[in-house]
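Welcome! Here is a short briefing on the aromatic rings of a protein. Please have a look at the structure first.

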Amino acid sequence: MSTTEMNTNFAQGVRAELAAIGTKDSGLQRHQRRARRLAVGLGALALVGATTGAAVVVYNLPGTTSVAPIGSSVSTTTTGTANIDLGPVPANATVVVIDLTCISDNGQLALLTAPSTGSTGPDGRGMNCAGNDGGTIRVDDGLLPQAGSTTVTVTADPHTTWKATAQYATSTITEWGVNSAGQTFGLPNVHGVPDLTHAKASNGEWGYVYIRELQGMEEEGFISVYKADGTTIVGQQAFHVSANIPVDETIIPHLVPGDGLSK
């Protein structure tokens, strides 16, 4: 682990992403909006154990992402922005998997992730440590180190303490299914979101919800859960609206000391 300055271009990307939070240009915010709307029944589909050394598969559904760690994991605990040195990037590595945990109960953490389809640059993940002491997120699509580098960067408030376990991995994704109406169905992944997304109804039945219906909901209520055919209703699911993760704007000047961007 080191607190070496980030590459200037990378630093500019991180700062631009954090500065864009709260706008439509934010990759991290896009991820949060997508995650919030897809929270319907998807909690049980989270990747688990991605840094334990075994391949991880989220059910056997269309659009499934499987992650197979490569080599040894690296664990560290530190305060503020820092780099995690994972060593040389294996030739077959496509992502970095990271378990990121807040030790402090204040400040924010953020890191860049592999770009999703249609993105012009990396996306991002972040977490607010305020009131979340010990909270953990798993990032299964962390951006690989830049060419010639062996490190990934976690940005944080100067006084925010965190720990991470990170490891190179390969990531493969199965194709979405297509029903008789030509609608795609399955799980969201880096390629985007299918027309019908896997979800669990309040009666315990599993099925799919229309992404267009999710996107059209701005208030709490209920949404229909269908079979893969997109017409047979198997139940209803409650829809809950949660706030986006707030990001302290004061974190931005401290992220990239020496890059010429700090105020």
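Is Tyr210 buried or exposed? Tyr210 counts as buried, at 5% relative accessibility; buried means under 20% relative accessible area, exposed over 50% and partly exposed in between, with a 1.4 Å probe and protein chains only. This is a predicted model, where local features need pLDDT of at least 70, side-chain atom pairs count only at pLDDT 80 or more, and totals for chains, interfaces and linings use all residues. Residues are numbered from 1 along each chain as its sequence is written, and side-chain values use heavy atoms, leaving out hydrogens and water.

**Aromatic pairs**

- Searching the whole structure gives 2 aromatic pairs (ring centres of Phe, Tyr and the six-membered ring of Trp within 6.5 Å; planes under 30 degrees apart are stacked, over 60 edge-to-face, the rest tilted).
- Phe185 and Tyr208 make an edge-to-face pair, with 5.4 Å from centre to centre and 70 degrees between the planes.
- This pair links distant parts of the chain, 23 residues apart: Phe185 is in strand 11 (residues 184–186) and Tyr208 in strand 13 (residues 206–210). Strands are DSSP runs of E with at least two residues, numbered from the N terminus.
- Tyr210 and Tyr226 also form an edge-to-face pair, because their ring centres are 5.1 Å apart and their planes lie at 75 degrees.
- Tyr210 belongs to strand 13 and Tyr226 to strand 14 (residues 221–226), so this pair ties together parts 16 residues apart in sequence.

- Phe185 counts as buried at 14% relative accessibility, and Tyr208 is buried with a relative accessible area of 8%.
- Tyr226 is buried too, with a relative accessible area of 10%.

**A charge over a ring**

- The charged end of Arg212 sits over the Tyr210 ring, 4.1 Å from its centre (NZ of Lys or CZ of Arg within 6 Å of the ring centre and within 35 degrees of the ring normal).

Key
Helix = DSSP H or I, 4+ residues; strand = E, 2+ residues; numbered from the N terminus.
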